[in-house]
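This report describes selected local features of one protein chain. The sequence and the coordinates are shown first, and the commentary follows.

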Amino acid sequence: MAILLLVSSYLFPQQAYFDNGFLQLLKNAVSLTIVHLPITIMVTAINCVPVLLLLFKTDIFLYLMAVWTLFGFALIAYLNGYLLKKVFRRYEPRAEDRENE
């Protein structure tokens, strides 16, 4: 399950950022997970915080539910985007390459 969480941290953002088939997307997600392991762990931890808070500190989760509804999803998406943009920039085609195509 942990491997699935780590790999899925790249599956959906990569699908939005690049144009690949499913098998290529899966291969890239596995290799990105291994190559960028510290960022992968941070992204996975950010994604798991709400679930862990709900499971272990339900009273705090319920207390923060209104704030979470307004800002929580957007904050997680912003943090993930900030971290993953650094990773994806390294693999983005350069402007010269795009003009040649």
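## Local features of the predicted model

Lysine 57 is placed in the loop between α3 (37-56) and α4 (58-63); helices are DSSP runs of H or I with at least four residues, strands are runs of E with at least two, and both are numbered from the N terminus. With a relative accessible area of 44%, lysine 57 is partly exposed, a class lying between buried (under 20% relative accessible area) and exposed (over 50%), for a 1.4 Å probe and protein chains only. Lysine 57 and valine 7 are separated by 50 residues in sequence and by 27 Å in space, C-alpha to C-alpha.

The model is predicted, so local features need pLDDT of at least 70 and side-chain atom pairs count only at pLDDT 80 or more, while totals for chains, interfaces and linings use all residues. Residues are numbered from 1 along each chain as its sequence is written, and side-chain values use heavy atoms, with hydrogens and water left out.

### Aromatic pairs

The structure holds five aromatic pairs. Rings of Phe, Tyr and Trp (its six-membered ring) pair if their centres lie within 6.5 Å; planes under 30 degrees apart count as stacked, over 60 as edge-to-face and the rest as tilted. The rings of tyrosine 10 and phenylalanine 88 are edge-to-face, because their centres are 6.4 Å apart and their planes stand at 65°. This pair links distant parts of the chain, with tyrosine 10 in helix α1 (residues 2-17) and phenylalanine 88 in helix α5 (residues 65-89), 78 residues apart. Both tyrosine 10 and phenylalanine 88 are buried.

Phenylalanine 88 also forms an edge-to-face pair with phenylalanine 18, at 5.4 Å centre to centre and 80° between the planes. Here too distant parts of the chain are linked: phenylalanine 18 is in the loop between α1 and α2, 70 residues from phenylalanine 88 in helix α5. Phenylalanine 88 counts as buried because its relative accessibility is 3%. Tyr10, Tyr17, Phe18 and Phe88 form one aromatic cluster.

### Two buried polar residues

Threonine 33 is found in helix α2 and counts as buried, at 7% relative accessibility. A polar atom of the threonine 33 side chain lies 2.7 Å from the backbone oxygen of alanine 29. Leaving aside neighbours within four places in sequence, threonine 33 is in contact (heavy atoms within 4.5 Å) with Leu6, Val7, Tyr10 and Thr40.

Asparagine 80 lies in helix α5 and is likewise buried, at 12% relative accessibility. Its side chain is joined to that of asparagine 47 by a polar contact of 2.8 Å. A polar contact is a pair of N or O atoms within 3.5 Å; within protein, one must be able to donate a hydrogen and the other to accept it, and residues adjacent in sequence count only if both atoms are side-chain atoms. Apart from neighbours within four places in sequence, asparagine 80 is in contact with Val43, Ile46 and Asn47.

### A nonpolar surface patch

Phe22, Leu23, Leu26, Val30, Ile34, Val35 and Tyr91 make a nonpolar surface patch of about 700 Å². Patches consist of residues with over 30% relative accessible area and no salt bridge, like charges being joined within 9 Å and nonpolar side chains (Val, Leu, Ile, Met, Phe, Trp, Tyr) within 5 Å. A salt bridge is a side-chain nitrogen of Lys or Arg within 4 Å of a carboxyl oxygen of Asp or Glu. Accessible areas come from the Shrake-Rupley method with a 1.4 Å probe, and for residues only the protein chains shown count as cover.

Valine 30 is placed in helix α2 (residues 22-35), and isoleucine 34 is found in helix α2. Tyrosine 91 is in the loop between α5 and α6 (95-100). Their accessibilities are as follows.

| Residue | Relative accessible area | Class |
|---|---|---|
| Valine 30 | 36% | partly exposed |
| Isoleucine 34 | 62% | exposed |
| Tyrosine 91 | 40% | partly exposed |

Isoleucine 34 and leucine 6 are 28 residues apart in sequence, with 9.3 Å between their C-alpha atoms. Tyrosine 91 touches Phe18, Leu32, Val35 and His36, not counting residues up to four places away in sequence.
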